[in-house]
Amino acid sequence: MAVSGADVQHAKKLLCSGKLVAIPTETVYGLAGNALNPRAVATIYEVKNRPSFNPLIIHTDSLKKVANYVASVPPLAQKLADKFWPGPLTILLPKTDALPDIVTASSERVAVRVPQHSLTLSLLKELDFPLAAPSANPFGYISPTQAAHVEAQLGDKISYILDGGSCSVGIESTIVGIEDNRVEVYRWGGISLEDLTAVVPNVQTYSNQLEESPSAPGMLKSHYAPSKKIIIGNLAELLRQYHHSEVGIISFSDFFPQIPKNRQCVLSASGNLNEAAQRLFSSLRHLDRPYIKVILSEFVPNYGLGRAINDRLARASA
Ligand code: TXA
Ligand code: MG
């Protein structure tokens, strides 16, 4: 069992000595280690059972602090950082040798983010190194949005969980790269297409293509999956096909009275996509139980955070 608490100084001490600490962010909990310490970073891959070709995001409390680790910040990246940081946006920038290759799995670009969470921001302010942090789940499983989720899966492998409550966004960051005067989206997350296009006109999506040939390697098709089979379609129809004693359902806003409450999760009764995103991963976890054989779900409207929700649902069912 890991110790949980809100002790930033304790977290700092552990991180400075090369240990790993789970940290809260607005998106999901991260499994953090000193990005400048190759041994600490190697332990992150080990604890997550993550393939070594899958690079990690580095986190700091300001763009200024990443200056040592990136060769340049294109004006468009500066604009996005000004607008969305701290927040759920990760930007790929050209890396310098100051950052160990193991962080980026030898890629020439490093993924950088300033997370929006008071506890983690105060921790990052205290550190003179960035934190490499993937989501704090075993490779291929759903990301944790509460300290208890981290404890359940990685509790025996890490020293401390900085408990910052439930993640407010609940879905990982949007990942973008900058090419010429374009923003290229590799993963939809907490910043929506509508958010981006309000700031930059030229936004291009690559997230689907990456499923086939990942240059952002983590964009593998079957990802973010619970151990149950997930089937996505029209819920009313699916409920006619499956025996009610074997299903769990995740609906966007409808409650199905014929299904017991302990077998269903309504993402947002009022049809709010932000609330739905916030609840998605904990709902998938909630239904990942012995008495449920198959999880039935449906896509949500494909705008705002709906794009990211649908992306995760599709991957979880792949
Ligand atoms: O919201 C988030 O982004 C959370 C919190 C903890 O910040 N982190 C997170 O990390 O989701 P992770 O490792 O679970 O997902 C990061 C994704 C991976 O799919 C990885 O392949 C991709 O970002 N990535 C990281 N560095 C990259 C790089 N240099 N080039 C291309 N893709 C990169
Ligand atoms: Mg992850």
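Helix α5, which runs over residues 118–126, has Leu119, Thr120, Leu121, Leu123 and Leu124 as its buried residues. Here, buried means under 20% relative accessible area, exposed over 50%, and partly exposed anything in between, with a 1.4 Å probe and protein chains only. Helices (H or I, at least four residues) and strands (E, at least two) are DSSP runs, numbered from the N terminus. The buried side of the story continues with the partners: those α5 residues pack against α1 (8–16), β2 (21–23), β4, β7 (131–132) and β8. Contact, here and below, means heavy atoms within 4.5 Å.

A word on the ground rules. The model is predicted, so local features need pLDDT of at least 70 and side-chain atom pairs count only at pLDDT 80 or more, while totals for chains, interfaces and linings use all residues. Residues are numbered from 1 along each chain as its sequence is written, chains are lettered from A and ligands numbered from 1 in the order in which they are written, and side-chain values use heavy atoms, leaving out hydrogens and water.

How confident is the predictor? The score for that is pLDDT, its confidence in each residue from 0 to 100. The chain has a mean pLDDT of 94, and 94% of its residues reach 70 or more. Residues 209–215 are another matter: pLDDT stays under 50 there, and the model has eleven contacts for this stretch beyond four places in sequence.

Next comes the ligand. There are 27 residues around ligand 1, and Thr27, Asn54, His59, Arg109 and Ser173 come nearest; a residue is near a molecule or strand if one of its heavy atoms lies within 4 Å of it. Asn54 has a polar side-chain atom 2.5 Å from an oxygen atom of ligand 1. For Ser173, a polar side-chain atom likewise lies 2.5 Å from an oxygen atom of the ligand. In the case of His59, an N or O atom of the side chain is 2.7 Å from an oxygen atom of ligand 1. On its own, ligand 1 exposes 670 Å², and the protein buries 97% of that. Accessible areas come from the Shrake-Rupley method with a 1.4 Å probe, and for residues, only the protein chains shown count as cover.

Two elements give two or more residues to the shell around ligand 1, namely β4 (57–59) and β6 (109–113). The largest share, four residues, comes from β6. By type, the shell divides into 13 nonpolar, nine polar and five charged residues. In that count, Ala, Val, Leu, Ile, Met, Phe, Trp, Tyr, Cys and Pro are nonpolar, Asp, Glu, Lys and Arg are charged, and the others, Gly among them, are polar.

A polar contact of 2.7 Å joins its side chain to that of Thr90. Such a contact is a pair of N or O atoms within 3.5 Å; within protein, one must be able to donate a hydrogen and the other to accept it, and residues adjacent in sequence count only if both atoms are side-chain atoms. Setting aside neighbours within four places in sequence, Ser173 is in contact with residues including Thr27, Ile57, Arg113 and Arg312.

Over in strand β3 (residues 30–34) sits Asn34, which counts as buried because its relative accessibility is 11%. A polar atom of the Asn34 side chain lies 2.7 Å from the backbone nitrogen of Leu36. Beyond four places in sequence, Asn34 is in contact with Leu15, Ala40, Val41, Phe129, Pro130 and Leu131.

Trp85 and Pro86 are joined by a cis peptide bond, with omega at about -10°, and Pro86 lies in the loop between α3 (75–84) and β5 (89–94). Ser106, a residue other than glycine, has a positive phi near 70°. This serine is in the loop between α4 (101–104) and β6, and Ser106 counts as exposed because its relative accessibility is 57%. Asp180 also has a positive phi, near 50°. The loop between β9 (174–179) and β10 (182–187) holds Asp180, which counts as exposed at 68% relative accessibility.

Key. pLDDT = per-residue confidence, 0-100.
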